[in-house]
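Subject: Structure for your review

Dear colleague,

Please find below the structure that I am handing over to you. My findings follow it, and I would be grateful if you read them with the structure open.

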Amino acid sequence: MTTLTPQKPAIPQPGGTLTPAPAPRPAQDPAWRELVDAVREAGQYPTRSEAESVTRIVLSALGGHVVGDERVDLARALPEEAARVVASQIPATRRLSASEFVDSVAARIEGATPATARWDVSSVLSVLPPLVGDELVTRILHQLPSGYALLFGRAELTPAA
């Protein structure tokens, strides 16, 4: 029995050689595009590519600090690509304050300052509550040190002494 194997179309190269065409890129998840577009709008990024890069970096940083059921629920509530970014992170060995978290993001973004990193972090995290739900965000905030609420676009309320 003969088996037919589909071949990629060849692309002519100078000198008459042929190279296989690149594999087609899989269609991107519309929910991921919507998330990136929301971040682009919130952060007023000039390009979709910049918004996508910032989204990946911030979600990656967040993924290391959200653990347990909250991490699982966050991944389930996010678009598939965002869920992969969050879930692929190794849990952090030390909890970072909100300021340290912003600094850790700044270290991942070329040319970032603490001020621009705070903008980037807030641009991503502030679009999550409508997407994943306020109840999940509240559970995540209870897991993180104080100061993160502002990054999610919420007031940081503390009980009176």
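Is Glu 50 buried, partly exposed or exposed? The model is a predicted one, and in it Glu 50 has a relative accessible area of 35%. That value lies between the 20% under which a residue is buried and the 50% over which it is exposed, so Glu 50 counts as partly exposed. The residue belongs to helix α2. Between the C-alpha atoms of Glu 50 and Val 36 the distance is 9.4 Å, with 14 residues separating the two in sequence.

Overall architecture

The protein chain contains two strands and nine helices. Their order along the sequence is β-β-α-α-α-α-α-α-α-α-α. The chain has 161 residues, of which 38% count as buried.

The nonpolar core

The largest nonpolar core comprises 41 residues. Within this core, the residues with the most contacts are Leu 59, Phe 101, Leu 125, Leu 128 and Phe 152. Two or more core residues come from each of α1 (30-43), α2 (48-63), α4 (80-87), α5 (98-108), α6 (114-125), α7 (128-132), α8 (134-143) and α9 (148-151). Helix α2 provides the largest share, namely seven residues.

Residues up to four places away in sequence aside, Phe 152 touches Leu 62, Leu 125, Ser 126, Leu 128, Pro 129, Val 137, Ile 140, Leu 141 and Leu 144.

Helices α2 and α4

Two packed helices are described by the distance between their axes and by the angle between them. For α2 and α4, the axes come within 7 Å and cross at roughly 45°. The two helices are therefore oblique to each other. On the α2 side, the contact is formed by Arg 56, Leu 59, Ser 60 and Gly 63, and on the α4 side by Glu 81, Ala 82, Val 85 and Val 86. Sorted by class, these are four nonpolar, two polar and two charged residues.

Helix α4 has Glu 81, Ala 82, Ala 83, Val 85 and Val 86 as buried residues. The cover over the buried residues of α4 includes α1, α2 and α3 (68-77).

Two loop residues

Gln 44 lies in the loop that links α1 and α2. Although Gln 44 is not a glycine, its phi is positive, at about 55°. With a relative accessible area of 64%, Gln 44 is exposed.

His 65 is located in the loop between α2 and α3. Why does His 65 count as buried? Its relative accessibility is 15%, and the cut-off for a buried residue is under 20%. Apart from neighbours within four places in sequence, His 65 is in contact with Ala 92, Arg 94, Leu 96, Phe 101, Gln 143 and Leu 144. From His 65 to Ile 140 the C-alpha distance is 9.4 Å, although 75 residues separate the two in sequence.

With kind regards

Terms used
Residues numbered from 1 in each chain as written. Predicted model: local features only at pLDDT ≥ 70, side-chain atom pairs only at ≥ 80, totals over all residues. Heavy atoms only, no water. Core = buried A, V, L, I, M, F, W, Y, C linked by side-chain atoms within 4.5 Å. Buried < 20%, exposed > 50% of the residue type's maximum accessible area, 1.4 Å probe, protein only. Helix = DSSP H or I, 4+ residues; strand = E, 2+ residues; numbered from the N terminus. Contact = heavy atoms within 4.5 Å. Axes fitted to C-alpha atoms, helices over the stretch in contact; angles between N-to-C directions. Parallel < 35°, antiparallel > 145°, perpendicular 65-115°, else oblique. Nonpolar A, V, L, I, M, F, W, Y, C, P; charged D, E, K, R; others polar.
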